[in-house]
Amino acid sequence: MSIRFDDVRGADPIAQPPVLAPGHTPASVTERISEAVTTKLTKTPKWWLGGFAVGFALLNVFLFAVTNLFMTGIGVWGNNIPVGWGWDIICFVWWIGIGHAGTLISAILLLLRQSWRNSINRFAEAMTVFAVACAGMYPILHLGRPWLPHWLLPLPGTLGMWPNFRSPLIWDVFAVSTYATISIVFWYVGMLPDLATLRDHAKARLARFAYGMAALGWRNSSRHWANYEVASLLLAGLSTPLVLSVHSIVSFDFSVGIVPGWHTTVFPPYFVAGAVFAGFAMVLTLVLPLRPLFKLHDFITERHLQNMAKVMLTTGLIVAYGYVLEIWAAFYSGNEFEIFMVLNRFTGPYATQYWLLILLNIAIPQLLWLKGIRSNVWALWAISMCINVGMWLERFVIIVVSLHRDYVPSNWAMYSGTKFDVMTFVGTMGLFLTLLLLFIRFLPALNMFEMRILTPEATKAHGEEK
Amino acid sequence: MHGTHPEPSLHGVLAEFRTPDELLAAIESARAAGYTKLDAYTPYPIEKVLDALDLHHSKVPLLTLGAAIFGAVAVFSFAYWASAIDYPLNIGGRPLNSWPAFIPATFEGAVFHGGLAAALGMLVLNGLPRPHHPVFEVKRFVEHASKDGYFLLVEAEDPQFDVSAVRRLLEGLGPVEVNDLEN
Amino acid sequence: MNQGSNPLPEGVETLGRIGLIAGLVGLALLGAGYATDREQLFRSYLTGYMWMLGLAAGALGVMLLHHVTRGAWGVVIRRILEAAASPLTLGFAAVAFLPIALGTHSLYEWTHAEVVAGDAILSHKKPWLNEPAFLGRSAAYLVLWIVLAAVFARLSARQDETGDRRIALSMQRWGAFGVVAFILSMTFAAFDWMMSLTPHWFSTIYGLYVIIGQAVAAMALVALAGLLLGEGPSPALPLQPRHLHDHGKLLFAFVCVWAYFGYSQFIIIWSGNLPEETTFYTSRLNGAWKVTTIVLVLLHYALPFALLLSRNRKRSAKALAPVAVLLLFARWLDLHWLVAPAFSANAFTLHWLDLAAPLALGGIWLRLFTLGLKARPLLPANEPFLKEALAHE
């Protein structure tokens, strides 16, 4: 089972590493993947316990930070006029962007019939759901009256008022709640056949019962598959514009306002690209260590890493396109506020953050043009980490650097996050890590039935799939 | 079910095959013999099996389209009604009917309803949730249907159904085993 | 695999002849226009030029995209794209740019020194918007596109001759570089040639909006070429329903992205409500061009969207063709909607020269396109993925 890709690649210059290592059958794929889930609780790997301990500890940091926030108020954060949006919205956008790679992998690549997605789509979808959960914390925490989140929704009440549909913030409520719902639905629907597999193969009685209930009686009937495949494609077809709309609407939160640095028409596609860029970086950040830990080299091959690196490079270039146009348009416009905004980014008090952002987001990812870098897991992981940080800095630059220089110089001020900002952010990472580790321990982290499709036995019977 | 005629309580006859090709051949034989109420069980969707069973008429797309249109119309009408009729309020000098600003929520409404309709429609049309089903009584089905077994079911509802004839047909196709399924 | 060896249908020859005649008639009409209404001629010509460029450069963009992503959808239409975006057609686009270069004074307000001197913003923009820089940049864009087309024509010819499998890799690498260069150059071409018609106004998504329109034009062209070459009992190009389906899906996706870019620009400007930006929409949304805007959204988005939802329509060349024709018309309307209000904000205009220009330029382009189709076999025989691309469902 440990055939390495370069052994099978042969001499053909255009041959690509396989998406599934040779020698697998539907049964071997099923056994290998379900193994991670069906092992006894007492035999849980040590690295998992260690990771979970870290995640759970950080989750408690989150609970502490939130408790403090609820008892004291928003003042514990660094937000103040003129920088009324700080770490909270930076992290909101950061998290929601990370989720987008999951939807891209599961939906868009399904529509494009890219079979290499089959092994990473489940994991990416789970990442989407958990990242949206983390993102969703921020708007609610920032409400100031976090016990009234239902006021965001257009519910009839004694106030007799409705949310303001002219505001991008209500578009956000619709977009993020739809995104969360449809992501969970897509994830769950995608998991149904695999839950049925676990129902059939779990050893413990309780596990069989739990997976059985979750599988809703799925029995791999062709009648099921017929509706199922159509529904999957439809969900993919709906998720694709959905993911574009979500980050476009997030970009509207800024761009429909008239703050210099926010108000530019290229924002929607440039935000979407940035989100996918960050999301793929996060997928790689997580998948690269999981691959040796779960011995997944057969399923996540060099082909996957190469392709993900290429998507990162592409979306990174679109982001760079956005930066270039912003700078060009500021000077072309002749608007003194726009020009000041750009110069302030270049040389103002936050210039370090700006140039670090350019280095991490634009300069370093150019290394991905080199095939040697794309196939070196260490380099790939390091670049992914750079992008994770770079994309956080991008939102910092957009939000804080634009706001801290108001039109009226008497309003100018500096901004920095407080320790509670940091604790909240680190805490959401704990939430993310906890959910993710629970997921890979108790649910099938790789899509078993779609991996069966990639086996030689199935490709022979399947026809259209390659 | 002692003492009564076995057929009314019979769900069908289930045969297991080793490969997709054997299953496809079995489907063809069964169809050639005139059986119409057939179902196959495969560990992953197989286009050719769906073709052979003529299963390409899903109603899920229609449901999804209907729900998406409903969602779009509902959200836009609501936004219009809330902003222009029920509580008209001048916000930033924008018109009461700020239709350009209603479009994002309208779009999300379409996707929300369409997506839920696709998922729920799939479940309902598949008769799920249904935790138990006669096929689960077969030990090898539970062990292999979601791994590496390819099963063909001839249902008792079939107008031509006759247990012994069906068994004879299936046993002649080289199955791993053949089982009668009781309701 | 002996498919693809069938001869080209008669239609190609006929179409080339029609193109030539249309081109000559159009040119005569443009000549008449030059004598009678010179100002109008340049305006109409710019729209017609951008329309024709959309076919040629759009095909170049789609071809580059194909070489980067290497899908089966692109292998079967590679020669159509290569013929549409050949050094010949893009060379023609370079020659056809000359009237615009000569007509800058009629087209672009910022070429008038006295206007610029009395306008602080235009004076500020002078380092970018001045004639030498404009002409230099224009030449650079056109040369770049010709070079890209020539590189791929050459690689493709070498692949046919030698069968060297490494050429596919070179094409992928050039494709990656080409996409970056193409998007940047076309963005600034759109800024220079069209956005600067109203030199005070600017929008950073404008370039992408023009580029995606060109992609729509290119895929509409592919759909029509599919009808011409892929139909009948022994088609010259063995197109299967699944290929058409992919092309239909791309067309659908591009139409949606066009609407998405258009709406993004609109909602950001509408909500921001800044006087320096809203000028673009005041005439198009409330004034004389309101009906054009509604018709444009219907023809370029709503109608093709509804039609292309159907799976069966996407899988049939005959059913796809009317949508493609509609979209090629909508492409012209979109460009007219971008250009004409810059000269006549308060009154809708449609001049006979508006039709003569696309007739002349499109006709000649069509002639060159058919020459390109005839020059080479319709399938790249040594493309490593050809067998996979032609495999039956």
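## Chain C

Chain C has 19 helices and 0 strands; helices (H or I, at least four residues) and strands (E, at least two) are DSSP runs, numbered from the N terminus. Its radius of gyration is 21 Å, close to the 21 Å that the globule rule gives for 393 residues, so chain C is as compact as a globular protein of that length. The radius is taken over C-alpha atoms, and the rule is 2.2 Å times the number of residues to the power 0.38. Along the principal axes, the C-alpha atoms of chain C fill a box of roughly 70 × 40 × 40 Å.

Of the 393 residues of chain C, 59% count as buried. Buried means under 20% relative accessible area, exposed over 50%, and partly exposed in between (1.4 Å probe, protein chains only). The accessible surface of chain C is about 14,700 Å², with 68% on carbon and sulfur atoms. Accessible areas come from the Shrake-Rupley method with a 1.4 Å probe; for residues, only the protein chains shown count as cover. Among chain C contacts between residues at least 6 apart in sequence, 82% join residues at least 24 apart. Contact means heavy atoms within 4.5 Å.

## Basis of the model

This is a predicted model: local features need pLDDT of at least 70, side-chain atom pairs count only at pLDDT 80 or more, and totals for chains, interfaces and linings use all residues. Residues are numbered from 1 along each chain as its sequence is written, chains are lettered from A and ligands numbered from 1 in the order in which they are written, and side-chain values use heavy atoms, with hydrogens and water left out.

## Chain B

The secondary structure of chain B comes to 6 helices and 4 strands. From the N terminus, the order is β-α-β-α-α-α-α-β-α-β. The radius of gyration is 25 Å, well over the 16 Å that the globule rule gives for 183 residues, so chain B is more spread out than a compact globule. Its C-alpha atoms fill a box of roughly 80 × 40 × 30 Å along the principal axes.

The domain assignment gives domain 1 (11–54 + 133–182) and domain 2 (60–125) in chain B. Such bounds come from an automatic or database assignment. The centres of the two domains, taken over C-alpha atoms, are 45 Å apart. Buried residues make up 48% of the 183 residues in chain B.

## Interface of chains C and A

46 residues of chain C are in contact with 34 residues of chain A. The two chains bury about 3,400 Å² between them, 68% of it on carbon and sulfur atoms. Buried area is the accessible area (1.4 Å probe) that two parts lose on being put together, summed over both. In chain C, Thr204(C), Tyr260(C) and Ile268(C) lose the most area to chain A, together 21% of what that side buries.

## Nonpolar cores

The largest nonpolar core has 328 residues. A core is a set of buried Ala, Val, Leu, Ile, Met, Phe, Trp, Tyr and Cys residues joined through side-chain atoms within 4.5 Å. Those with the most contacts inside the largest core are Trp95(A), Tyr49(C), Leu60(C), Trp145(C) and Trp193(C). This core draws at least three residues from each of domain 1 and domain 2 of chain B. A second, separate core of 10 residues includes Leu14(B), Val135(B), Val138(B) and Ala145(B).

## Glu82(C)

Glu82(C) lies in helix H4 (residues 78–84) of chain C. Glu82(C) is buried, at a relative accessible area of 9%. Leaving aside neighbours within four places in sequence, Glu82(C) contacts Met63(C), Phe152(C), Ser156(C) and Arg376(C).
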